Amino acid sequence: MTTLKFVPYSSAFDTGFWHELTRRKLEVYRLDSSNQSIFGYYANDANDNMPALFNVDHQCFDENNKISNQQQLYSVNGTLKLVNTIEEFKTFDIDSALKTESSLLWNDFVQGSTLENPQKLNRFYLLIFADLKKYIYHYWFAFPTFLVPTAFNLSSPVKPIGEQFSSDEIGAISKTLEANKLHACCLHREQNSSFAVINLKQAVENLNEKPQSASEYIFIVNDPSTDPVHPGWPVRNLLTLLYYHLRAVEQLNVICWRERFRDDQQYVNHSLYLQLKPESISNIGDAVPPSAGWEKNERQRLGSRQVNLSTSMNPIHLAETAVGLNLKLMKWRLAPEIDLESLEKMHCLLLGAGTLGCNVARCLMAWGVKHVTFVDNSRISYSNPVRQTLFTFQDSCENRPKAQAAADALKAIYPGIKSIGYDLTIPMPGHAVGESTIEKVKEDVNLLHDLIRQHDVLFLLTDSRESRWLPTVIGAVEQKLVLCCAVGFDSYVIIRHGVPAKESDTPPTRYKNFLRGDKLGCYFCNDIVAPGDSSIDRTLDQQCTVTRPGISMMASALSVELLVSIMQHPLRLAYSEIKTS
Amino acid sequence: MAFTLDEFYKCISDLYDQSKKIHDRWQLIETSKGSYLIYSFIDNNCLKYEFHIVYSESYSVPVLYFNISNLDGSLLSLDDVWKLFMHKKTSNMYETITQQEHPILHRPFFILHPCHTESLLRKVVDQPTKKRFIFWLSIYGQSVGLPLSVNYAID
């Protein structure tokens with residue numbers, strides 16, 4: 001005689017479950033780790049070869065919101081245990097938790113309430129630790145079932161219902177079950193080859209009264225398994241329940257009901273028919289029998305699982321993905337060939353974190369540039385924040401250094417950016433260096449040189465001509481792309497400095513009508529005045545840049561757009577500039 | 001050809017009614033912030049597909065939101081999603097997949113951006129609203145693995 005074996009549930013989470021769990025942990029439960037009532041559900045319409053899935057989703061926390069408007073979903077009540085530390089999770093007493101959960105199940109079995117409400121055939125226990133800093137969730141499901149009887153003996157091998165019933169009978173059965181929403185019920189075969197639904201309680205009473213009529217009764221249980229010979233957990237629990245309540249029945253007929261609708265066609269023939277010879281277990285009394293049910297993990301061992309949801313729940317990841325995707329929109333129609341990766345990798349050094357520096361940085365950030373370094377030697381004053389778009393009133397109250405404040409502001413706007421600020425005075429020609437400051441100036445020159453070496457692009461955005469001189473020279477020596485942007489009252493100038501070619505480089509021949517990049521001049525070659533101290537003998541309005549407020553925004557934006565265009569050219573900065581006629 | 005909000009609601013409630021009739025699995029979710037349809041299923045590779053049809057106020061058209069997740073609830077990345085549909089890449093519609101926050105659930109979903117929906121719907125401008133809706137759903141849905149029974153196109 002063969003014994004019946006069962007397919008355990010496989011847990012399945014909806015993403016929404018984790019979102020709702022996180023919200024409740026933060027807003028409702030907080031440190032409360034007491035048991036919470038939740039529910040999950042299973043379906044009986046899965047495709048062949050699928051595991052017997054047990055689902056939990058975001059609605060599972062809401063007692064009143066029992067799965068609405070869905071057919072073929074069967075809800076199961078359970079207990080959520082959300083512990084507060086990983087230690088608590090790892091040392092959790094799983095045996096006693098399972099015992100408690102299965103005693104709830106057993107009490108309903110023996111007191112008869114499961115017979116009245118077959119929703120109580122299953123319960124589950126869900127142990128979770130949520131690491132909300134890393135968005136890693138540790139979890140372990142238990143689906144309690146009983147180790148009694150020790151074996152379910154089959155009178156004949158398990159077979160699909162098509163081999164047991166005629167197609168007329170199957171038609172009659174499925175017609176009878178059409179309106180059935182119960183997890184399990186019983187069919188009684190009537191005279192005129194039709195069937196009548198009776199509830200489990202009634203069926204058990206009838207059978208205990210007239211055990212010889214057993215062949216007229218077919219128990220129906222909605223089955224999550226898709227296996228051709230092994231039914232799922234609800235069937236196992238139903239059999240235990242019936243074995244407990246039935247006294248002297250020799251034969252038990254069960255259909256493990258599996259029903260699929262595809263394209264308005266109903267399929268039920270893969271349902272299983274079982275015929276068993278029950279052995280009463282009523283003698284075990286009210287004591288809760290031993291139980292099992294902790295789910296195996298991916299390695300098929302008894303153990304917990306974990307899921308890392310940082311990519312879909314960590315706000316920093318989300319911002320990075322969203323910014324990247326938003327830039328990619330340009331690729332759809334407007335600029336399919338655009339190279340955004342180069343911009344992302346580019347390291348930009350901004351000399352000056354004032355009006356121009358703030359606006360250039362914002363524009364770079366909007367293009368997806370990830371590395372922005374600021375150099376400035378001044379502090380934020382009360383007049384600054386209204387024009388210098390990375391600063392606030394609070395920064396001026398604290399008199400913060402501009403370079404550091406600008407870097408912090410960029411990171412506050414978008415944590416995906418890497419930004420550093422250096423409080424550094426750029427040594428200037430014409431500004432006398434005293435004995436005591438010689439060493440400091442040498443250090444500053446070295447630091448500036450190092451910074452320029454470490455970056456790909458240099459923006460000259462300081463407020464005087466002569467502070468642009470040393471970076472211009474170092475930029476040329478290091479063959480970096482230098483963009484110089486300067487504003488007047490209602491005018492501005494943006495100059496792309498020439499990048500000296502390496503001797504090994506040969507001039508390109510592919511392009512006609514181009515001006516070689518190394519032939520372009522710099523800010524100073526294009527001027528007739530040598531750099532000197534421009535801040536002496538000037539009135540205050542001449543020392544501070546007095547400019548129409550919109551000029552800086554336009555000039556900053558155009559400087560960045562120029563950089564982006566250069567980066568799209570196949571020859572980049574090394575050589576060329578297409579000459580416009 | 002745009003949809004008014006009322007037309008949209010009529011379309012989704014009709015689709016939902018028809019779904020019930022043919023035992024399909026569309027769910028109608030009605031909230032104070034708006035109503036939308038959900039269709040979800042688990043494929044044979046144990047990937048869970050979830051599609052939402054939500055109204056876009058700014059484009060006045062329906063928008064298809066979707067996510068694909070593993071059984072532990074972790075979402076597939078855009079790259080994984082692209083790989084999944086690579087073989088279906090017959091049009092450049094694909095390039096209009098982007099990620100956006102679901103307007104009602106406030107969770108990240110992929111969407112087929114609605115910027116081309118209206119021009120697509122112009123092709124069926126003479127058709128009744130319901131037909132236009134199904135036309136849109138069949139085109140947008142099939143490119144991202146949404147099964148749609150032919151029954152919906154039959155009156």
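Axes here are lines fitted to C-alpha atoms, for helices over the stretch in contact, and angles run from 0 to 180 degrees between N-to-C directions. The model is predicted: local features need pLDDT of at least 70, side-chain atom pairs count only at pLDDT 80 or more, and totals for chains, interfaces and linings use all residues. Residues are numbered from 1 along each chain as its sequence is written, with chains lettered from A and ligands numbered from 1 in the order in which they are written.

**View 1. Packing of helices α14 and α15 of chain A.** Helix α14 (residues 438–454) and helix α15 (residues 469–477) of chain A pack at about 45°, their axes 10 Å apart. Helices (H or I, at least four residues) and strands (E, at least two) are DSSP runs, numbered from the N terminus. The contact (C-beta atoms, placed from the backbone, within 7 Å) is made by L448(A), H449(A) and I452(A) of α14(A) and by L470(A), P471(A), I474(A) and G475(A) of α15(A).

**View 2. Helix α17 of chain A.** Helix α17 (residues 549–568) has 20 residues and reaches 30 Å from its first C-alpha to its last. Its buried residues (20 or more other C-beta atoms within 10 Å of their own) are S552(A), A555(A), S556(A), S559(A), V560(A), L563(A) and V564(A). What covers them includes α11 (355–366) and β21 (481–487) of chain A.

**View 3. Contact between chains B and A.** The contact takes 22 residues from chain B and 31 residues from chain A. On the side of chain B that touches chain A, the elements giving two or more residues are β1 (27–31), β4 (61–69) and β5 (97–101) of chain B.

How values were computed. Contact = placed C-beta atoms within 7 Å. Expected span 1.5 Å × (residues − 1). Buried ≥ 20, exposed ≤ 12 C-beta atoms within 10 Å, placed from the backbone.
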